[in-house]
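This report looks at how one model is put together. It moves from the chain fold to the contacts between copies.

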Amino acid sequence: MADPRFFITTPPRTLADLAQIAEAQLADGVDPERLIDDVSALETAGPGHIAFLANRKYVRSFMESKAGACLVEPELADRAPEGMAVLICDRPRRGFARIAAAFHPDRQEEPGIHPSAVIDPSARLGKGCRVEAHVVIGPNVEIGESCQIGANSVIERGVVIGENCVIGANATLSYCLIGKRVQIASGAVIGNTGFGYDLDPSGRTKVPHLGRVIIEDDVEIGANSTIDRGSGPDTVIGQGTVIDNLVMIAHNVRIGRGCILVAQVGIAGSAQLGNYVTIAGQAGVVNHANIGDRVIIAAKSGVLANVPADSIFAGYPAMPIKEWRRLVGQQRMAFKGKGNRDE
Amino acid sequence: MADPRFFITTPPRTLADLAQIAEAQLADGVDPERLIDDVSALETAGPGHIAFLANRKYVRSFMESKAGACLVEPELADRAPEGMAVLICDRPRRGFARIAAAFHPDRQEEPGIHPSAVIDPSARLGKGCRVEAHVVIGPNVEIGESCQIGANSVIERGVVIGENCVIGANATLSYCLIGKRVQIASGAVIGNTGFGYDLDPSGRTKVPHLGRVIIEDDVEIGANSTIDRGSGPDTVIGQGTVIDNLVMIAHNVRIGRGCILVAQVGIAGSAQLGNYVTIAGQAGVVNHANIGDRVIIAAKSGVLANVPADSIFAGYPAMPIKEWRRLVGQQRMAFKGKGNRDE
Amino acid sequence: MADPRFFITTPPRTLADLAQIAEAQLADGVDPERLIDDVSALETAGPGHIAFLANRKYVRSFMESKAGACLVEPELADRAPEGMAVLICDRPRRGFARIAAAFHPDRQEEPGIHPSAVIDPSARLGKGCRVEAHVVIGPNVEIGESCQIGANSVIERGVVIGENCVIGANATLSYCLIGKRVQIASGAVIGNTGFGYDLDPSGRTKVPHLGRVIIEDDVEIGANSTIDRGSGPDTVIGQGTVIDNLVMIAHNVRIGRGCILVAQVGIAGSAQLGNYVTIAGQAGVVNHANIGDRVIIAAKSGVLANVPADSIFAGYPAMPIKEWRRLVGQQRMAFKGKGNRDE
């Protein structure tokens, strides 16, 4: 059960209510008026809980679960243990997420501007914003309605933030235009100058970075991640893309819609990612590379060239994952052969 | 000598005193009343300094050192140069650390709450706490006795911190329960929501993260590291574990006691580490992997599967280090053979 | 054109003026009085813009560009399209950077100390400093003339900062001595204690870190990077070195002059880098390694041993790049051979 120090918990709900929230169907014979208290995982759930099964791998946990109710895909519904109320659902994980959010809605913090915040008189804030203690907002900043700006964050000159955005604590935003419903976690730094120089042992000249960071609607950016502004072109994060913690996005990078960048990924300058691209943790993409739509890059890979759409790459230098798997398999075999001769 | 702008230096101490601090024995003939001014490294030490030798590799530096005194293991004591006072000690590095701390104790900053700190009236702080300028402390936070909270840090709603903790500047803590004597460096972000979604081109649903971060006693966390809270289960960092800078710990990860995570390591969601595990710099552990007690993972390795206790793994995908060394050796040899044919 | 919300734009300038700024020569027949409005990239430039060509790879973009003027090396000047005013220049990128800075000079923020800043009475600040809102400056700090300290940054006890430095927002500086014209981006943490322990299952002893971080003149440090102080020796960043975002520099590291460390690089304890070393993104250097002058380390490499001056290394463990390329080539060939037999 969610710790009440941190989370709100709403009263029990009927299965009929939960089915509606999850866009699920109650299986035959399920009592629509049965009450459920909370969400839980299959392994920890009791009779008052609803769980979900989204991955066939966990079907055993499902069969042994004591959950009172469970969201499950149609084809697995008949594996449910006796007494479990089954809610049939095409996307059980999404249904579960919605039910969890219904039981534990985000706390509605009071709107208002803390008196310790320092806001330039030329800044404009929409209705219903919450600006926490010690926030600093620079000249000509524009913030849409119902935004939250976390304590000790800094929003520098000229930044534009759309409505319903949430900015964490200790974040720094500069040289950026941010869409609606964007979430930027604590410690993130958006809009810093790119890393571009004319270098020569006789001296270094910094290239002025005259572009911006454009963050489209519904983007999420993780804690302590950094996104540099463009050198002339903009750095662009497409609609609905989610970026994990400690990720680095360099100047002029263009990321399409619905991409997923896992923690500690680095995207070098002027690289382009299409739509629905997934880059797993600690992977890197070289500058100017072009990554096609729906590409998946395995964790820790190093992408040194363009990657065609709809492919899965792994390794360093990154190659099609089948090729990489065969290479790894061969190395193992070569090792074993060699090892045998040695011993 | 330690820069007095930053460090306190206490008066000279006798060798008898230092031996007691270090749990060492004075070698035969050493004058227990001889005074030592300070610590230093073997290479830079002079007659007024005490140094240490913990690694046989540096025995030449030891033999040539001008240090007035030196902590050394019993078996190397007879290699000391003439005139050096030898302190025989089973753990010279620990002894040296203790003597260094005696000569240069941490500054005892004055307790008290800076008037610019913003503390919710419902928060409770123990005696002897120091809360620096512009700190923000949210509702129902509980902080134990004698804690230090660095300038501009943010402690969000409901967080519990045990006694004698030190939080650096510009850190952000939320959704976490923290033990005693924990040190969290500047810029760290603890308790952010995990990176979990139901993803689909038709739209994304964020999975509510209803767990916490539990940090047990004596843990240290480095600068700008991030630890996400659990999705339902908690994220747990076990007693005495030390985490370096820029490390990422994802949701639901469980780390045992006495582990060491070096800089820029990433541990993906729901991975489990046993006790006394060492993960060297820039290595990564895949989600749901199970890493046994006392495992060592080499720097930059990518762990893609479970690792049994007491093993040392390296490479990507990570394999037993002997296997990895042979593989690397073979590649070198294959290269050389091939090179010869080519040339 | 640069977004006026973020950037200043100065009036049009004659080609004669621009040639002087860039240390360029107008090609024969170019009208020195022709006016140019702004800088732009070759692909996006119009008749009022000046662009540059620094890389033969982009000569086609140059030949097709609509730019009114272009900076170009002497040997490529005759490839210019008709009507383009050519400025011949040995270092076109540097010339362009200077012209861009002339058209878009950094905003001269007003000097002054924001009333919300908390500055210890013993701190000394030079003339013309700008200290933004909620900055915290500790005892005995010394800051030279004309420095800017970004909002919510923390400068701890005893830190010394030379003249004309720029510190971003939410940065934390401690135990460090900083030269002139140094730029430290938002969220960086300088001077944290190093990661050094005497470890033993029976208990851990922290080694006191009694050194400092020395940052020489003209260094730049990126967002959310961390540089730990030395254990006794100092951590040193040499004159003119540039460090990108999310980089980790451990205790006792010594970096020479004019080095380039790209994003997410990690340098482990006591490693030494010579002058003009380049470490590409996500690469790592093991502790105590010695990297010679002018070495280049490829992205994602893992350097596990010393690297001689003037060499280029890649791979893990890092090897001369020619060797690495042959190894990668062989793996590919072996794969294909094997693949053929399989199919």
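The sections below cover chain A as a whole, its sheets, a part of chain C, and the relation between the chains.

**Chain A overall**

This is a predicted model. Chain A holds four helices and 40 strands. Its C-alpha trace spans about 80 × 75 × 35 Å along the principal axes. Of the 343 residues in chain A, 56% are buried. Among contacts in chain A with a separation of 6 or more, 22% link residues 24 or more positions apart.

**Two open sheets in chain A**

One open sheet of chain A has nine strands, in the order S10-S13-S16-S19-S24-S27-S30-S33-S36, and its pairing is parallel. Its edges are strand S10 (124-125) and strand S36 (290-291) of chain A. Each edge strand has a single partner strand, so one side of each is left without a neighbour in the sheet. Within this sheet, strand S16 (residues 160-161) and strand S19 (residues 176-178) of chain A run parallel and are joined by two bridges. A:Val160 has A:Leu177 in S19(A) as its bridge partner.

Another open sheet of chain A has twelve strands and mixed pairing. Its order is S8-S11-S14-S17-S20-S25-S28-S31-S34-S37-S39-S40 (chain A). Here strand S8 (112-113) and strand S40 (319-320) of chain A stand at the edges. Again each has a single partner strand, so one side of each lacks a neighbour in the sheet. Two bridges connect strand S20 (residues 183-184) of chain A with strand S25 (residues 220-221) of chain A, and the two run parallel. Across that pair, A:Gln183 stands opposite A:Glu220 in S25(A).

**A helix and a strand in chain C**

Helix H1 (residues 15-22) of chain C has the buried residues C:Leu15, C:Leu18, C:Ala19 and C:Ala22. They cover an arc of only 100° around the axis, which puts them on the same side of H1(C). The helical repeat accounts for such a pattern: an α-helix has 3.6 residues a turn, so residues three or four places apart point the same way. C:Glu23 follows H1(C) and has a positive phi, near 55°.

Strand S7 (residues 85-88) of chain C is buried on both faces. C:Ala85 and C:Leu87 point one way from S7(C), C:Val86 and C:Ile88 the other way, and all are buried. In a regular strand the side chains alternate between the two faces of the sheet.

**How the chains relate**

Chain C superposes on chain B by a rotation of 120° with 0.0 Å of shift along its axis, at an RMSD of 0.0 Å. Of the contact residues of chain C, 14% recur in chain B, and the copies use different surfaces.

The contact between chain A and chain B takes 51 residues from chain A and 44 residues from chain B. Helix H3 (92-103) and helix H4 (321-342) of chain A each supply at least two residues to the side of chain A that touches chain B. That side of chain A has 22 nonpolar, 19 polar and ten charged residues. Only 12% of the interface residues of chain A are also interface residues in chain B, so the copies meet through different surfaces.

Chain C puts 44 residues in contact with 51 residues of chain B. Strand S21 (189-192), strand S22 (197-198), strand S23 (205-206) and helix H4 (321-342) of chain C each supply at least two residues of the side of chain C that touches chain B. H4(C) gives the largest share of that side, four residues. By class, the side of chain C that touches chain B divides into 20 nonpolar, 16 polar and eight charged residues.

Methods. Residues numbered from 1 in each chain as written. Chains lettered and ligands numbered in written order. Predicted model: local features only at pLDDT ≥ 70, side-chain atom pairs only at ≥ 80, totals over all residues. Contact = placed C-beta atoms within 7 Å. Nonpolar A, V, L, I, M, F, W, Y, C, P; charged D, E, K, R; others polar. Pairing = 2+ DSSP bridges. Least-squares fit on C-alpha atoms with pLDDT ≥ 70 in both. Buried ≥ 20, exposed ≤ 12 C-beta atoms within 10 Å, placed from the backbone. Arc of directions from axis to C-beta.
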